[in-house]
Amino acid sequence: MKRSDITLHARHRDKLQALLAHPRGHEGAAYMLLGKSEIAQDPWDLEPRTRYTSYEVIAIPQEDRVDASDKHVTWNTNSFAQLCRRAKEEGLVPAIVHSHPGGFDGFSEQDDRNECDLFTMARNRNGEGTRLVSVVQVGDSLYRARVWEDDMTPLHCHRVTTIGTRIEIQSTDAPPPSETLARQALAFGPEVNGLLKQLSVAVVGCGGTGSPVVQLLARLGVGHILVIDDDVVEHSNLNRLYGATRKDADHAVPKVDVMAREVTMMGLDIEIQSVSGWVDAPDIRDALKSCDIIFGCTDDHSGRLYLNRIAHFYLIPVIDVGLVLMPRDDGEPGLLEMAARVSVLFPTSACHGCRGTVDRVRAREEDLERLDPAEYERQKTEAYVRGAGNPAPAVVTFTSEAATMAVNELLAGLVDFRGSGGWTWQRYRKLDKGFERSQAAQPRSDCPVCGSEEYWGLGDVDPFLDRIG
């Protein structure tokens with residue numbers, strides 16, 4: 001059976017709860033429009049699946065509401081027809097949401113009949129291939145969901161995930177407790193191990209910060225890890241690349257193969273998949289779309305801008321790691337700046353462009369160098385583009401500290417161990433001074449990625465991520 005799951009943005013969850021609340025405990029109802037992410041092959045179970053992402057929550061107009069009690073809610077279908085029209089025009093999936101304030105956990109026989117009628121109405125209007133998603137809110141905050149693709153039997157969603165400054169997972173197939181992680185359960189409770197086990201996490205870039213991130217994720221008990229990098233081990237990497245040996249450098253072993261080998265040797269029942277290639281490659285898209293979290297540990301600006309858009313189109317948080325070790329400019333040993341930065345990219349927070357954490361000109365030059373090396377060399381000769389410059393300093397203790405900051409941000413999103421409401425959108429640590437601060441940045445109103453909600457949760461579009469070239 002094809003699997004499916006739903007990701008709700010926390011602001012949509014909050015709006016649903018407000019719309020469904022009733023002072024006398026009556027059932028409530030609302031509509032949603034969802035984006036859709038079709039995954040041809042999940043990298044771990046190799047099966048196709050669909051992820052739906054919240055795009056908009058819509059109140060049912062007062063004039064359409066007919067009746068409600070603690071056992072039922074009824075409304076006429078005028079507004080539902082308008083919902084279906086918008087879904088077809090905008091390439092979205094219509095969804096109905098209602099509540100069971102009394103706590104009945106599931107869909108009733110009356111739900112089955114009503115939803116089947118609504119699905120038939122939607123299909124008659126929008127044509128073959130129409131889908132209808134149904135979500136029920138059980139009590140105040142538990143969600144169950146299913147998808148109608150025909151008028152026979154709906155497909156149950158195995159998971160509903162809500163993401164804002166926290167990650168909240170409600171699953172029908174929670175894993176059993178792990179003895180290996182018992183000491184971790186003493187710190188945060190047994191639930192965190194179950195949450196980590198259910199996560200699928202990508203690490204893009206397996207160098208100085210990416211390799212310790214992979215190690216930490218595996219030791220934390222993340223169930224599924226995907227590593228992506230197009231580079232091989234070199235001798236100059238051995239001072240900071242976790243798990244790499246001189247033999248790996250002698251034989252130019254791909255970094256992702258080293259990561260997979262080391263995690264497999266841990267014997268911690270972690271499923272790890274590796275992909276050697278640049279993150280934009282078409283065959284990597286499905287793998288990225290399958291993930292719940294992405295760690296951006298690459299130092300190229302183009303790749304980071306690409307992940308920036310993934311976060312907003314697919315509601316997949318990207319935890320981006322940056323490290324600056326700036327050498328003195330007088331030729332003497334020492335550093336002018338030593339700092340680590342961790343940013344969480346997700347709708348409602350500022351994107352890379354608005355934070356000023358990427359160089360767009362440099363990103364275009366990187367694209368040119370990768371896609372047309374001859375033209376890049378010609379332009380470099382004529383000084384239209386910049387060269388790569390000297391290698392940056394790298395010290396394993398500092399790359400590891402930045403990696404730890406990043407993985408701790410994931411933990412904050414799961415268990416809020418700081419008591420501040422989840423993760424921080426951006427943390428900046430002065431490595432030489434020993435202090436850290438959070439940094440705020442606001443989306444620019446003219447930013448196409450984070451300045452409007454047009455792309456947030458939109459899912460699959462053609463061209464991919466609405467990028468041309």
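Modeller: Strand β2 (residues 29-39) is paired with strand β6 (residues 93-100) in the antiparallel sense, through six bridges, where strands (E, at least two residues) and helices (H or I, at least four) are DSSP runs numbered from the N terminus, and two strands count as paired if DSSP finds at least two bridges between them. Within this pairing, Y31 is found opposite I96 of β6. This is a predicted model, in which local features need pLDDT of at least 70 and side-chain atom pairs count only at pLDDT 80 or more, whereas totals for chains, interfaces and linings use all residues. Residues are numbered from 1 along each chain as its sequence is written, and side-chain values use heavy atoms, with hydrogens and water left out.

The pair β2 and β6 belongs to an open sheet of nine strands with mixed pairing, whose order is β9-β8-β7-β6-β2-β3-β1-β10-β11. At its edges stand β9 (155-156) and β11 (167-171), and each has a single partner strand, so one side of each is left without a neighbour in the sheet. Strands of a sheet pair through backbone hydrogen bonds, in either the parallel or the antiparallel sense. Across β1 (3-9), β2, β3 (49-59), β6, β7 (132-138), β8 (142-148), β10 (159-163) and β11 lies helix α1 (residues 10-20), which runs at about 50° to β3; axes here are lines fitted to C-alpha atoms, for helices over the stretch in contact, and angles between N-to-C directions run from 0 to 180 degrees.

Turning to helix packing, α2 (residues 78-90) and α3 (residues 109-126) have axes that come within 10 Å and cross at roughly 45°. The two helices α2 and α3 are therefore oblique to each other, given that under 35 degrees counts as roughly parallel, over 145 as roughly antiparallel, 65 to 115 as roughly perpendicular and the rest as oblique. The crossing of α2 and α3 is right-handed, that is, the near helix is turned clockwise from the far one by less than a right angle, anticlockwise being left-handed. On the α2 side the contact (heavy atoms within 4.5 Å) is made by F80, A81, C84, R85, A87 and K88, and on the α3 side by L118, M121, A122, R125 and N126. By class, this contact of α2 with α3 holds seven nonpolar, one polar and three charged residues; Ala, Val, Leu, Ile, Met, Phe, Trp, Tyr, Cys and Pro count as nonpolar, Asp, Glu, Lys and Arg as charged, and the others, including Gly, as polar.

A second open sheet, also with mixed pairing, has eight strands in the order β14-β13-β12-β15-β16-β17-β18-β19. Its edge strands, β14 and β19 (435-438), each pair on one side only, and the twist from one strand to the next averages 15°. The segment after β19 includes P463, which is joined to D462 by a cis peptide bond with omega of about 5°. In the loop between α8 (255-266) and β14 lies D269, a residue whose phi is positive, at about 60°, although D269 is not a glycine.

Helix α10 takes part in two of the helix contacts described here. The axes of α9 and α10 come within 12 Å and cross at roughly 50°, so α9 and α10 are oblique to each other, and their crossing is right-handed. In this contact R285, L288 and K289 of α9 meet Y306, L307, I310 and Y314 of α10, which divide into five nonpolar, no polar and two charged residues. With helix α12 (residues 360-371), helix α10 (residues 301-314) packs at an angle of about 105°, the axes lying 7 Å apart, which makes α10 roughly perpendicular to α12. Here H301, S302 and L305 of α10 touch R360, R362, A363, E366, D367 and R370 of α12, and the classes are two nonpolar, two polar and five charged residues.

The structure also holds seven aromatic pairs. In one of them, the rings of W278 and Y306 have centres 6.3 Å apart and planes at 50°, so the pair is tilted; rings of Phe, Tyr and Trp (its six-membered ring) pair if their centres lie within 6.5 Å, and planes under 30 degrees apart count as stacked, over 60 as edge-to-face and the rest as tilted. Because W278 lies in the loop between β14 (271-276) and α9 (282-289) while Y306 lies in helix α10, the pair ties together parts that are 28 residues apart in sequence.
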